[in-house]
Every structure is written in structure tokens, then in C-alpha cells.
Amino acid sequence: MLSLPNLLTLSRIVAVPLLVALLWWPKWEFGYGVAFSLYCLMGITDYFDGYLARAQGTVSKLGQFLDPIADKIMVAAVILVLSAQGVLTGPYVGDMHVIAGLVILIREIAVSGLREFLGGLRVSVPVSRLAKWKTTFQMVCLGALILGQALPGWTVPVGSLVVNFPHTVGLTTLWAAAALTVITGWDYLRVGLKHMD
């Protein structure tokens, strides 16, 4: 329970309320700057908890249980708050970017349920390389969206528009993450269907 990898995982869960509080005011540039730093720190601990657990030979059932939960709590919290504060909006399609966030949330819930079902059958579903890319895009997009609110003056001309560069990168990678979410979610579902009557 008190191994360093498990403590790092628990620290991510404990930090989520603070992250949400910092994201609550969309025009608070300093708060979003601190939130971006905290988000990056949480991402670093996400890497090191698994790395240290494997390197030290301290991989535990608790860590295997908590690590994906910590990731999902953080991602879901950030998507929900950014949606509520109107951050998931952009040129041409307006609030339609929220749909990409919903796709990610629905997939996370569905895959969690599927893993629980397959776990009862003692069927393991390994994480695919494409799923790792999905996670990478997901982490980049949310970080960029947070950074865009911290640096509203960081703009670039795109045709007749002047857009916030980090925000635009965030929205673009959000859709990339949503597309990979659908593909990898379908892969997991196909495995699950083989074990359903």
C-alpha cells in the first residue's frame, strides 16, 4: 500500500480536486498556468509510478487497480470542467468539440465495464499500441487546452482568423484522441463479444 509507486498513483487522485478548483474560472490566467503545471506533474507521476513498480519489482494488485482509475478520474474531471466552462469551443463548429469529449468519456466507461466483465471470466485484455497512442493524444490535447487558457495572447493567423495556438492544437488532438478512442474501443468490444453468449 505504501510503496512509492502506489503513493504516486494516490497523489494523482488526491490532486484532482485541486486541479478542478484551478480550472473553475476560465478567465483566471494565473490559475490555468498553475493548473497546467499541476497537470504536467500528474502526467509525470503517471509515467514514473509504472516505471518504478516494474524497476523495483513492486508491481502490486492495488497499483494495477488504482493506476487506470487515477487516469480516468483525471481525464474525466478535466473534460467535464473544460466543457462546463466553455473551453471546448472553437471556430467553425463552435460547441461541437464537446462531442469529442463525450466520445472519450463514453469509451472509458464502456471499456471499464468490459474489463470488469472479462476479469470475472479471467480473460486478460492487453493494452494495444494504438491505445497507448490514444492516451498520448488525450494527455496532449487536455494539456494544450489548459495552456491555451493560461496564454490567451499566444495567437497565430489561420486564413482570415486569428486563433490561440495551444487551444487549436488542443482541439485538433482532441478529435484525434476521439477517433483513436472509437477504434480501440471497438477492438476491445470485439474481444469481449467472443466471450459473451
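With which side chain does the side chain of D46 make a polar contact? The partner is the side chain of R12, at 3.3 Å, where a polar contact is a pair of N or O atoms within 3.5 Å; within protein, one must be able to donate a hydrogen and the other to accept it, and residues adjacent in sequence count only if both atoms are side-chain atoms.

A word on the model first. This is a predicted model, in which local features need pLDDT of at least 70 and side-chain atom pairs count only at pLDDT 80 or more, while totals for chains, interfaces and linings use all residues. Residues are numbered from 1 along each chain as its sequence is written, and side-chain values use heavy atoms, with hydrogens and water left out. The chain averages a pLDDT (the predictor's confidence in each residue, from 0 to 100) of 85, and 91% of the residues score at least 70. Confidence is highest in helix α5 (residues 129-150), at a mean of 92, and lowest in strand β1 (residues 155-158), at 82. Helices (H or I, at least four residues) and strands (E, at least two) are DSSP runs, numbered from the N terminus.

Back to D46, which sits in helix α2 (residues 29-56). D46 counts as buried because its relative accessible area is 18%; buried means under 20%, exposed over 50%, and partly exposed in between (1.4 Å probe, protein chains only). Setting aside neighbours within four places in sequence, D46 is in contact (heavy atoms within 4.5 Å) with R12, D67 and D71.

R12 is itself one of the buried residues of α1, which also include L8, A15 and L19.

At the start of α6, a side-chain oxygen of N164 comes to within 2.9 Å of the backbone nitrogen of H167.

As for cysteines, the structure holds zero disulfides (pairs of cysteine sulfur atoms within 2.5 Å). For C40, the nearest cysteine sulfur is that of C141, 13 Å away. C40 is partly exposed because its relative accessibility is 32%, whereas C141 is buried, at 0%.
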